Amino acid sequence: KYVIGSHEGGLVTDMPSHDNLFLYYGDLSDFSSISRIITTIRPDEVYNLAAMSDVRVSFDIPEYTGDVSGLGALRVIEAVRQAGVPAKIYQASTSELYGKVLEVPQTETTPFNPRSPYAIAKQYAYWMSKSYRDGYGMFITNGILFNHESPRRGPNFVTRKITRGAAAIALGGDRKIYLGNLDAKRDWGYAPEYVEAMWRMLQLEKPDDYVLATGETHTIREFLEEAFRHIGKRWEDHVEIKQELFRPSEVDILMGDASKAKRDLGWEPQTTFKDLVKLLLDADIELAKQNGSGQS
Ligand code: G4F
């Protein structure tokens, strides 16, 4: 609901203010708001990171997901085109595009095979970005990012759900963690490193598409094992499987090959899987302590 710009005069109400950061109200389902912001700010760079990004929820609200995550990207691109602003655009594409994967590991040339309303909306946004790049010569780059996590991750995603639960348990809370499919495999990296690479993509001379990934894949079960190893408990005593948390169709394995990003951006992930789990867990333990033991 907010667009961050670097142009003084943005509408800031209840948000904390920063010297060089201005917030504007906007909504990806409302072209006029996006267009007004682009025309006012005349940005050098636009990062479209907005979406209805919860894959499971996209099965419940497929139409809204298509509007915001698919058409919303088109609205941003069209607003830039119509304003005649020579902005470079970053479109947040996703490893979910690979869906029921057609090769392992996945690269920029692996065919897409999406399996959710979210991934299908993102595929629309991906192709619109390419179409405007080719048709109008606009600078639009798709970052095909594999799962990237940080303590800011929403608690509805599996990593935070596990580390928040484990943190509460570590501090003595008597708590169950309810989960769905533990067999799916994900390529998890550390979000700040991925954001650095997004910026590097827009510093290039030419737009292109880039995979960002660690090249390692782990099951949800392995994530659980690693998190509970840190707190010295058995995850089996605290996790309950709920059928309703399974998805109508699952993406079984994601594992990316970021060789192109290494070559063109000089980018390589630094944080290992074990370090990532520890980092997320430590942050949630700290938060749980601040909020009162076991209450994170
Ligand atoms: O954490 P997740 O919800 O992330 P998912 O579906 O991989 O999507 C995330 O990464 C994508 C990039 O690849 C983004 F495009 C997308 O917007 C989002 O940020 O689920 C990870 C896995 C899934 O296989 C899911 O079935 O964890 C499994 N899982 C098992 N139990 C669960 C749960 N996921 C969630 N959210 N909640 C559970 O209780």
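## Overall fold

Helices (H or I, at least four residues) and strands (E, at least two) are DSSP runs, numbered from the N terminus. The chain of this predicted model contains 9 helices and 12 strands. Its radius of gyration, taken over C-alpha atoms, is 20 Å, close to the 19 Å that the globule rule gives for 296 residues, so the chain is as compact as a globular protein of that length. The globule rule is 2.2 Å times the number of residues to the power 0.38. Along the principal axes, the C-alpha atoms fill a box of roughly 60 × 45 × 40 Å.

Residues are numbered from 1 along each chain as its sequence is written. In this predicted model, local features need pLDDT of at least 70 and side-chain atom pairs count only at pLDDT 80 or more, whereas totals for chains, interfaces and linings use all residues; side-chain values use heavy atoms, with hydrogens and water left out.

## Backbone features in two loops

Valine 104 and proline 105 are joined by a cis peptide bond, with omega about -5°. Proline 105 belongs to the loop between strand 4 (88-94) and helix 4 (117-136).

Arginine 42 is not a glycine, yet has a positive phi of about 50°. This arginine 42 lies in the loop between helix 1 (31-41) and strand 3 (45-48).

## The ligand and its shell

Around the ligand there are 24 residues, of which Thr94, Ser95, Tyr118, Arg247 and Glu250 come nearest; a residue is near if one of its heavy atoms lies within 4 Å. By class, this shell has 11 nonpolar, 7 polar and 6 charged residues. Here Ala, Val, Leu, Ile, Met, Phe, Trp, Tyr, Cys and Pro count as nonpolar, Asp, Glu, Lys and Arg as charged, and the others, Gly among them, as polar.

Polar contacts are pairs of N or O atoms within 3.5 Å. A polar side-chain atom of arginine 153 is 2.9 Å from an oxygen atom of the ligand. A polar backbone atom of asparagine 156 lies 2.8 Å from a ligand nitrogen atom, and a backbone N or O atom of glycine 180 is 2.8 Å from a nitrogen atom of the ligand. Taken alone, the ligand exposes 710 Å², and the protein buries 95% of that; these accessible areas come from the Shrake-Rupley method with a 1.4 Å probe. Helix 5 (158-170) and strand 7 (177-179) are the elements that give two or more residues to the shell.

Key
A polar contact is a pair of N or O atoms within 3.5 Å; within protein, one must be able to donate a hydrogen and the other to accept it, and residues adjacent in sequence count only if both atoms are side-chain atoms.
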